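Here is a short briefing for a first look at this structure. Keep the model open as you read.

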Amino acid sequence: MANYFSIILTVITVLSGLLWLYDARVLKPKRKAVIAEVETKTTKALTDEQIDTLAPQPKLMELSESIFPVIALVLVVRTLLYEPFQIPSGSMMPTLLKGDFILVEKFSYGIKDPLFQKTLVDTSLPERGDIAVFKYPEEPNIDYIKRIIGLPGDRIIYRDKSLYIQPACAVGEKDCEEMKVVSTALKADGEYFSGSSPLRTYDEHLGDVNHEILIDPRVAPRTMLYFNQPGTQKDEWVVPEGQYFAMGDNRDNSRDSRYWGFVDEELLVGKAVFIWMSFEMDRSSDSWLPSWVPTGVRFERLGSIE
């Protein structure tokens with residue numbers, strides 16, 4: 001089942017809350033009754049030490065009373081507001097790098113329950129250019145992060161490493177937009193690498209969103225591996241209602257909608273909005289430290305995600 005941490009957090013919150021409630025409603029009145037009975041037989045008020053000795057609060061109940069407000073707050077924040085994620089790969093380079101720690105705005109695409117991730121309250125829908133976290137359609141216990149390229153009803157073509165989009169035509173509208181190539185401009189060559197292969201950096205204009213993408217000129221188009229939607233060409237897709245087409249910014253090093261299809265609205269987790277920490281993870285293979293130990297901090301990367 002997906003969302004193991006959410007499930008565990010929810011269970012602990014509920015159990016600690018029930019224990020705290022049982023102590024407050026049942027055990028605490030009994031302790032007070034014992035203390036009151038003793039105080040009627042003495043002329044001096046009992047000290048805190050004497051009260052703890054006479055009617056101690058069970059350790060489990062004391063622990064529940066202490067942790068319940070904290071974990072309940074964490075559950076609310078994590079479920080309704082923001083959740084931290086770590087970028088595990090380079091599929092979203094150069095926008096997001098391996099070692100970036102980001103905050104995902106959970107309420108961007110609806111408020112969901114923490115156990116089954118069913119939408120309780122609709123808020124807004126993804127917009128073209130959003131960087132979204134979602135459950136991987138082929139294995140929903142894995143979180144993926146990609147850029148939303150196609151909205152419901154859009155026609156998408158990715159041919160010869162050029163992206164074409166024909167936005168969905170509104171109901172009743174006759175003058176629909178034509179298929180247009182998404183404009184790009186070469187910005188740098190060799191600033192980023194895939195292994196030993198230098199990558200080309202392009203500025204891409206996706207509607208109102210301007211961002212950078214990477215292209216590996218040595219990699220041939222993998223058209224034969226693309227997801228084949230019935231009724232369309234191999235490198236063409238029409239986004240179904242209630243679903244989205246997502247791609248990585250590192251175009252030749254990303255497994256995305258081109259290969260496995262569309263992202264259902266129910267799989268959306270939230271919108272990536274902020275980098276709160278970024279570690280360099282370029283430790284050499286001959287280092288005596290494990291590869292997961294950071295080699296430095298990239299302070300210049302902290303801030304809002306474009």
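The points below cover helix packing, strand pairing and a few single residues.

This is a predicted model. Helices H1 and H3 pack against each other. Four strands build an open sheet. Strands S1 and S2 also pair.

**Helix packing**

- Two packed helices are described by the angle between their axes and the distance between the axes.
- Helix H1 covers residues 4-39, and helix H3 covers residues 59-81.
- Their axes lie 8 Å apart, at an angle of about 140 degrees.
- That angle makes H1 oblique to H3, because angles over 145 degrees are needed to count as roughly antiparallel.
- The crossing of H1 past H3 is left-handed.
- Sorted by class, the contact of H1 with H3 has 15 nonpolar, six polar and three charged residues.

**A residue in H3**

- Helix H3 contains Val77.
- Val77 is partly exposed, because its relative accessibility is 31% and that class lies between 20% and 50%.
- Val77 and Val133 are separated by 56 residues in sequence.
- In space, the C-alpha atoms of Val77 and Val133 are 17 Å apart.

**The four-stranded sheet**

- The strand order is S9-S8-S7-S13, and the pairing is antiparallel.
- Strand S9 (180-181) and strand S13 (236-238) are the edge strands.
- Each of these edge strands pairs on one side only.
- Strand S7 spans residues 155-159, and strand S8 spans residues 162-166.
- Five bridges link S7 and S8 in the antiparallel sense.
- Arg155 has Gln166 in S8 as its bridge partner.

**Strands S1 and S2**

- Strand S1 runs over residues 82-86, and strand S2 over residues 100-105.
- The two strands are antiparallel and joined by five bridges.
- Pro84 stands opposite Leu103 in S2.
- Side chains alternate along S1.
- Glu83 and Phe85 point to one face and are buried.

**Glu204 in strand S11**

- Strand S11 spans residues 197-206 and includes Glu204.
- Is Glu204 buried or exposed? Glu204 is buried, because its relative accessible area is 2% and the cut-off for buried is under 20%.
- The side chain of Glu204 makes a polar contact of 2.9 Å with the side chain of Arg251.

Definitions and conventions
Residues numbered from 1 in each chain as written. Predicted model: local features only at pLDDT ≥ 70, side-chain atom pairs only at ≥ 80, totals over all residues. Heavy atoms only, no water. Axes fitted to C-alpha atoms, helices over the stretch in contact; angles between N-to-C directions. Parallel < 35°, antiparallel > 145°, perpendicular 65-115°, else oblique. Left-handed = near helix turned anticlockwise from the far one by under 90°. Nonpolar A, V, L, I, M, F, W, Y, C, P; charged D, E, K, R; others polar. Pairing = 2+ DSSP bridges. Buried < 20%, exposed > 50% of the residue type's maximum accessible area, 1.4 Å probe, protein only. Polar contact = N/O pair within 3.5 Å; in protein donor to acceptor, adjacent residues only side chain to side chain.
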